[in-house]
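Dear colleague,

I am passing on the structure below, together with some notes on what turned up when I went through it. Please read the notes with the model open beside them.

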Amino acid sequence: MAGRLILCGTPLGNLGDAPPRLAEALSKADCIYAEDTRRSGRLLDALGVRPRRLRSYYAGNESSRTPELAGRLAAGETVALVTDAGTPGISDPGLSAVRAARHQGSQVTVIPGPSAVTAALAVSGLPANRFSFEGFLPRSGEKRARRIRAVASAAETVVLFSSPHRLVEDLSDLARAGLGDRSVSVARELSKLHEEIWLGSVSEALGEWTARPPRGEFTLVLAGGGQMTESLPLSEATEAVERLVAQGLSTSAAVREVSRLTGVPRRDLYESAHGGKG
């Protein structure tokens, strides 16, 4: 038997978001590999799961753990892989495990779960019909400069991850790249007790988090350059207005922002938004 690898999506913070199939999969796995065994232990306790084996699998030991994981699969075991939040392999350890499993013919399946990428996109009010996901920016050097240039030149919406100790630097470098006036949605601590969705420009966001220390995990949704001139269908632009209004903006402010980003005339947006209410 070639075994089976299960990529398990886990909650971003609220344990109530755990997929219904998650507990069953974890309870039946012969071994669970976890990015942080202590954090995953709390999830397992909440789900009422007593793992048969629990092993660490994080960036620092991924290369040495992968052969071990592959060996279990080769022996016909069912192996579950979890990270601290979200889906393994998405800006988290997991790619090497999937490649090893595929290489030896093991089955690879996934239990979908919450995603910071799609959650932040949904509440941003920015177009999500096309977007690029950049994950965390490189820390320094030419790789960082090259990625920032790519973000600055992107025509579509861009999603970025950032940590509290890198947020100000990330915003500062984006502003220096000419994106100071670009609209951005800053999603902080999604699904957790102190969840916050902040809307404004990159320069305004830099001022906001320079003035108050960043805390928690951040997902940035940045308007694309092409959205300043390329029109969306009126129906999609109206949906964007409705999302912003649901977040607390006035209709006039929402219409003004969506019109600026998409090129859809304000008058058309006003009539469509009010018509939808009627």
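Of the contacts in the chain with a separation of 6 or more, 71% are accounted for by residues 24 or more positions apart, where contact means heavy atoms within 4.5 Å. This is a predicted model, in which local features need pLDDT of at least 70 and side-chain atom pairs count only at pLDDT 80 or more, while totals for chains, interfaces and linings use all residues. Residues are numbered from 1 along each chain as its sequence is written, and side-chain values use heavy atoms, with hydrogens and water left out.

The secondary structure of the chain comes to eleven helices and ten strands, these being DSSP runs numbered from the N terminus (helices H or I, at least four residues; strands E, at least two). Taken along the principal axes, the C-alpha atoms fill a box of roughly 65 × 50 × 35 Å. Of the 278 residues in the chain, 47% are buried, with buried meaning under 20% relative accessible area, exposed over 50% and partly exposed in between (1.4 Å probe, protein chains only).

Two helix pairs deserve a look. Helix H7 (residues 167-179) packs with helix H8 (residues 202-211) at an angle of about 155°, their axes lying 9 Å apart; axes are lines fitted to C-alpha atoms, for helices over the stretch in contact, and angles run from 0 to 180 degrees between N-to-C directions. H7 is therefore roughly antiparallel to H8, since angles over 145 degrees count as roughly antiparallel, under 35 as roughly parallel, 65 to 115 as roughly perpendicular and the rest as oblique. On the H7 side the contact includes Leu167, Val168 and Leu171, and on the H8 side Val202, Ala205 and Trp209 are among the residues involved. The residues of this contact divide into ten nonpolar, two polar and no charged (Ala, Val, Leu, Ile, Met, Phe, Trp, Tyr, Cys and Pro count as nonpolar, Asp, Glu, Lys and Arg as charged, and the others, Gly among them, as polar).

Helix H3 (residues 62-74) and helix H4 (residues 95-103) also have axes 9 Å apart, and they pack at an angle of about 35°, with a right-handed crossing. Glu62, Thr66, Leu69, Ala70 and Leu73 of H3 make this contact with Leu95, Ser96, Ala97, Ala100 and Ala101 of H4, a set that divides into seven nonpolar, two polar and one charged.

In helix H5 (residues 116-124), the buried residues are Ala116, Val117, Ala120, Leu121 and Ser124. Because they cover an arc of only 125° around the axis, they lie on the same side of H5, the arc being that of the directions from the helix axis to the C-beta atoms. Their packing partners include strand S6 (131-136), strand S7 (157-162) and helix H9 (234-246).

Finally, two backbone points may be worth checking. Most residues other than glycine have a negative phi.

Terms used:
A crossing is left-handed if the near helix is turned anticlockwise from the far one by less than a right angle, and right-handed if clockwise.
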